[in-house]
Amino acid sequence: MESYQEELAQIKIILKNNPKGMTVTDIAREIRVNRNSVAKYLDILLISGHAEMVTFGPAKVFFPSSRIPLSALLNFTNESIALLDRELKFLQASENFLKFFEIQRSDVIGRPINIFSDSIFKTPELAQNARRALEGKELTVEKQYQITNHKLYLRIKHIPTTFDDGEPGVTLIIEDVTDWKQTEEKMKQTIKEWEITFNSISDMVFIQDNEFSILRANRSFTDFLHMKLEECIGKKCYDLLHGLSSPHSSCPCKIVHQTKKPATVEFYEMHLDKYLEISASPIFTDEGDIAGSVHILKDITERKKKES
């Protein structure tokens with residue numbers, strides 16, 4: 001297979017000496033090679049990133065590529081980045097990578113990843129996943145990493161890579177997602193605690209949107225209706241409570257939307273054979289619009305019987 005290294009090097013020098021750009025004809029005249037061959041060489045330089053092209057009308061003008069040194073590029077991001085060759089030996093490592101794992105560049109460059117994956121990186125599967133990436137499979141995994149007396153959560157990407165010389169390799173991108181994971185865990189815990197509190201309320205409580213669809217309901221509400229939670233979510237409140245296909249005439253939600261204030265109503269519900277008290281309070285958005293409402297439902301049948 002022809003490499004055209006001499007011709008490519010010559011064209012790169014010419015482009016470098018003519019930063020304002022040159023056409024295929026200009027380059028062909030300069031190096032005394034036919035236009036078709038020059039066009040082929042330029043395609044190779046474009047693909048490899050050593051040249052750039054801008055179109056001006058029918059003319060294609062080529063410029064030398066403004067390439068940033070790889071070692072500098074790796075340090076532009078907050079992630080820890082390392083490049084591995086086809087033998088999974090370290091070619092490059094960013095400063096963040098070295099700092100994170102507390103190692104020196106001379107300790108890793110030119111050495112295979114499997115030497116470090118277990119002892120230093122504490123992630124033995126790092127080398128295994130790198131081999132899979134070398135075969136063309138991109139992988140992203142999240143790993144809990146123990147360092148001194150605290151835990152870190154890492155998101156590790158193994159990206160199949162082809163270098164300028166056509167050789168395969170792997171790019172490792174390691175991102176510290178500890179803050180995000182801790183926030184996620186706190187949110188899950190908060191939601192869990194909220195649900196426990198929500199379900200411990202003896203009154204029947206449900207939350208609905210502006211279309212009268214139930215979004216949340218506590219256990220007291222679902223037990224009252226002898227239904228499961230998943231059977232209630234998404235259903236219309238007037239269907240579950242009144243057996244109707246449209247809002248009840250005494251619906252407090254309609255009052256809430258008109259006044260933007262809490263409302264309480266009492267009525268006998270024939271559908272359930274119960275006297276009910278329903279209090280509704282609006283839920284506001286940051287802009288002051290009503291996004292839905294919270295309802296507290298009480299069975300006041302016994303009280304009504306005593307009153308009568």
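Reader: What makes helix H11 stand out in the lining of the largest cavity?

Author: Helix H11 (residues 237–242) gives the largest share of that lining, three residues, where a helix is a DSSP run of H or I with at least four residues, a strand a run of E with at least two, both numbered from the N terminus. This is a predicted model, in which local features need pLDDT of at least 70 and side-chain atom pairs count only at pLDDT 80 or more, while totals for chains, interfaces and linings use all residues. Residues are numbered from 1 along each chain as its sequence is written, and side-chain values use heavy atoms, without hydrogens and water.

Reader: Why is this space called a cavity?

Author: On a 1 Å grid over the protein atoms alone, a cavity is a set of points where a 1.4 Å probe fits but cannot get out, and lining residues have an atom within 4 Å of a point. The largest cavity holds about 60 Å³, and its lining includes Phe 206, Cys 237 and His 295.

Reader: What makes S9 and S10 edge strands?

Author: The open sheet has the order S9-S8-S12-S11-S10, with antiparallel pairing. Strand S9 (214–217) and strand S10 (263–269) each have a single partner strand, so one side of each is left without a neighbour in the sheet.

Reader: How do you know that S10 and S11 pair?

Author: Two strands pair if DSSP finds at least two bridges between them; seven bridges join S10 to strand S11 (residues 274–284), so the pair meets that definition. Glu 266 stands opposite Glu 277 in S11.

Key: 1 Å grid on protein atoms, 1.4 Å probe; cavity = no way out; pocket = protein on both sides within 12 Å on 5 of 7 lines; lining within 4 Å. Points joined across faces, edges and corners; volume = space filled by probe spheres on them.
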